[in-house]
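This report describes how parts of a two-chain model pack and touch. Please look at the sequence and the structure below before reading on.

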Amino acid sequence: MAEKILMKGNEAIAYAAINCGCDGYFGYPITPQSEVMETLMAEKPWETTGMVVLQAESETSSINMVYGGACCGKKVMTSSSSPGISLMCEGLSYLAGCELPCLVVNVMRGGPGLGTIQPSQSDYFQATKGGGHGDYRTIVLAPSSVQDMYDFVDLGFELAFKYRNPVMILGDGVIGQMMEKVELRPAKPRRTEEELRALCDSWATLGKPASRPGNIVTSLALDADVMERFNIHLQKKYSTIEAEEARYETYKTEDADHLIVAFGCMSRICENVVELARQDGIKLGVLRPITLYPYPEKALDALVPQMKSIMSVELNSGQMVEDVRRIAAGRVPVHFYGRQGGAIPSPEEIYEVFVKNIKK
Amino acid sequence: MEINDIIKPENKVYGKSPVLKDAVMHYCPGCSHGTVHKIIAEVIEEMDIQDKTIGISPVGCSVFAYNYLEIDWQQAAHGRAPALATATKRLMPDKYVFTYQGDGDLASIGTAEIMHACNRGENIVVIFINNAIYGMTGGQMAPTTLLGQVTATTPYGRDAKLNGFPLKITELIAQLEGTCYVTRQSVQNPAAVRKTKRAIRKAFENSMMDKGTSFIEVVSTCNSGWKLSPVAANTWMEENMFPFYPLGDIKDR
């Protein structure tokens with residue numbers, strides 16, 4: 001049996017990065033995710049795998065270091081929390097515009113502004129609808145356990161390189177700070193120079209061999225036709241991602257008459273709401289989107305006809321519910337319940353709201 | 001000498017570096033960028049490092065530097081080139097990594113990135129083109145614009161009360177422990193070109209010796225932005241820029 005270790009969600013990110021052959025981490029301290037860089041610095045992976053770890057002067061610099069490393073075809077990442085991610089959005093737009101792979105971890109805290117250091121899910125819009133300028137998308141993975149935090153680092157890099165696109169792990173302060181047992185995965189070595197050349201020499205800045213012209217990594221196209229063609233190409237890529245990469249989990253939806261949609265830590269709390277409902281003879285189930293972009297549209301769409309009501313439960317003022325309403329398309333009442341600023345609802349509290357809604 | 005003798009290979013006295021692409025430059029006649037590009041190409045050719053050099057272009061007129069030098073290029077967001085260079089050099093320490101930045105890019109929006117990259121002593125080369133104006137956006141005030149200098153956003157001349165003072169960022173950079181070589185050069189005549197070329201070669205060599213950051217400011221002309229002929233721009237630069245931005249090595253260790 002694989003080894004299991006008790007660790008925090010933030011520590012899991014750091015251990016997974018070293019374990020999956022990450023080439024470089026660049027970050028800036030911000031609560032509630034500073035343990036990511038602290039763990040990496042304590043582990044000194046530059047002495048073992050050769051991974052570079054660097055504390056940057058700002059989140060702006062962190063993401064641009066990621067940009068430089070990604071230009072070289074390296075597996076590079078950063079982590080931050082909400083206000084820091086806002087600063088990184090310029091860089092994310094450039095990374096998407098240059099079609100570069102990278103991993104960004106957002107351990108969300110409440111906002112807007114400096115907000116609170118308490119957990120939140122209020123960056124759903126920012127993560128899934130853009131954040132930076134221009135028509136681009138970020139693949140967004142929503143962990144609901146410390147094991148997910150660990151596993152999504154490797155998965156994130158796989159998806160980032162498969163589509164040459166930024167991937168974000170959208171966690172929250174709960175998942176980042178809580179401790180759970182994590183099953184460790186077999187270690188992947190960092191890519192060798194030869195593997196890097198084989199995989200990325202057609203586009204990356206690895207140094208120009210005599211056999212090819214210089215590679216230029218840029219998102220600049222002053223000609224309107226060229227820019228439009230590139231945007232059409234990007235949208236085609238996003239269509240493929242939407243068709244092939246939607247991930248989700250269901251909990252007791254087979255016979256359900258009512259559905260809760262929730263992601264991250266809220267999906268786990270809502271599984272307890274299902275048990276409360278079923279004790280009262282109400283058949284409730286949970287759909288947990290694992291990818292927030294691409295959204296599991298088909299899965300939700302297929303569940304809508306059997307439901308009498310749907311409720312989106314989020315740690316924000318109602319963000320994902322807009323997607324739920326769009327997909328439900330008026331076929332069934334869609335309710336919302338959310339808490340903000342770090343307050344986390346209990347199963348009983350959510351169940352009470354659920355019962356009120358379905359009795360309306 | 002007859003033309004047929006002149007074109008014999010043994011009589012050749014000058015040739016375009018093969019590191020320069022056969023592209024028509026978009027720079028205005030008289031602009032310093034083309035000369036500095038040519039110098040970098042020659043240094044890369046002479047050091048035989050075309051396969052090991054990675055350039056990072058800025059936002060500004062020289063964003064298109066990647067169209068002129070046949071090497072691998074990254075195009076940074078405005079001001080962020082030193083951050084890209086930091087990661088690139090640390091992830092690929094056997095490569096020669098240089099940023100090419102203008103005064104708006106390096107000394108205004110990118111002040112944090114250049115200060116901290118230099119302070120960490122990244123083993124990179126920074127080529128800083130100071131022409132005291134924003135070229136690409138149409139001649140607005142730069143951080144290095146001289147007091148009294150007329151630009152699109154200082155139509156009555158730069159006024160210290162309104163606009164602050166011109167920034168001698170190269171002197172600030174020289175104070176940082178991480179820098180090993182900080183110099184200010186120019187390219188308005190053959191002697192200056194030769195000095196700048198020696199400086200750039202030295203900087204590239206430094207970057208493989210784990211000595212820290214090498215920083216070369218090139219005081220430059222923007223005759224379109226200054227609204228002067230190329231010759232008059234050179235004279236204006238010598239008479240107005242050089243007294244405030246004196247040429248020469250500020251630090252060499």
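The buried residues of α12(A) pack against α5, β11 (258-261), α11 (297-303), β14 (309-314) and β15 (334-338) of chain A, where helices (H or I, at least four residues) and strands (E, at least two) are DSSP runs, numbered from the N terminus. In this helix, which spans residues 320-328 of chain A, the buried residues are A:M320, A:V321, A:D323, A:V324, A:I327 and A:A328. A residue is called buried if 20 or more other C-beta atoms, placed from the backbone, lie within 10 Å of its own. These residues lie on the same side of α12(A), because they cover an arc of only 155 degrees around the axis, the arc being that of the directions from the helix axis to the C-beta atoms. Just after α12(A), A:A329 takes a positive phi of about 50 degrees.

## How the model is to be read

The model is predicted, and local features need pLDDT of at least 70, side-chain atom pairs count only at pLDDT 80 or more, while totals for chains, interfaces and linings use all residues. Residues are numbered from 1 along each chain as its sequence is written, and chains are lettered from A and ligands numbered from 1 in the order in which they are written.

## Two domains in chain A

Chain A is divided into domain 1 (4-183) and domain 2 (248-359), with bounds that come from an automatic or database domain assignment. The C-alpha centres of these two domains of chain A lie 27 Å apart. Between them, 24 residues of domain 1 of chain A are in contact with 21 residues of domain 2 of chain A, contact meaning that the C-beta atoms of two residues, placed from the backbone, lie within 7 Å. On the side of domain 1 of chain A that touches domain 2 of chain A, the elements giving two or more residues are α5 (124-129), β6 (139-141), β7 (166-172) and α7 (173-177) of chain A, and α5(A) gives the most, with four residues.

## Where chain B meets chain A

Across the chains, 28 residues of chain B are in contact with 33 residues of chain A. On the side of chain B that touches chain A, β2 (72-75), α3 (81-91) and α5 (111-120) of chain B each supply at least two residues, and α3(B) gives the most, with eight residues.

Strand β9 (residues 216-217) of chain A and β2(B) pair in the parallel sense over two bridges, pairing being assigned if DSSP finds at least two bridges between two strands. Here A:V217 stands opposite B:Q74 in β2(B).

Methods:
Buried ≥ 20, exposed ≤ 12 C-beta atoms within 10 Å, placed from the backbone.
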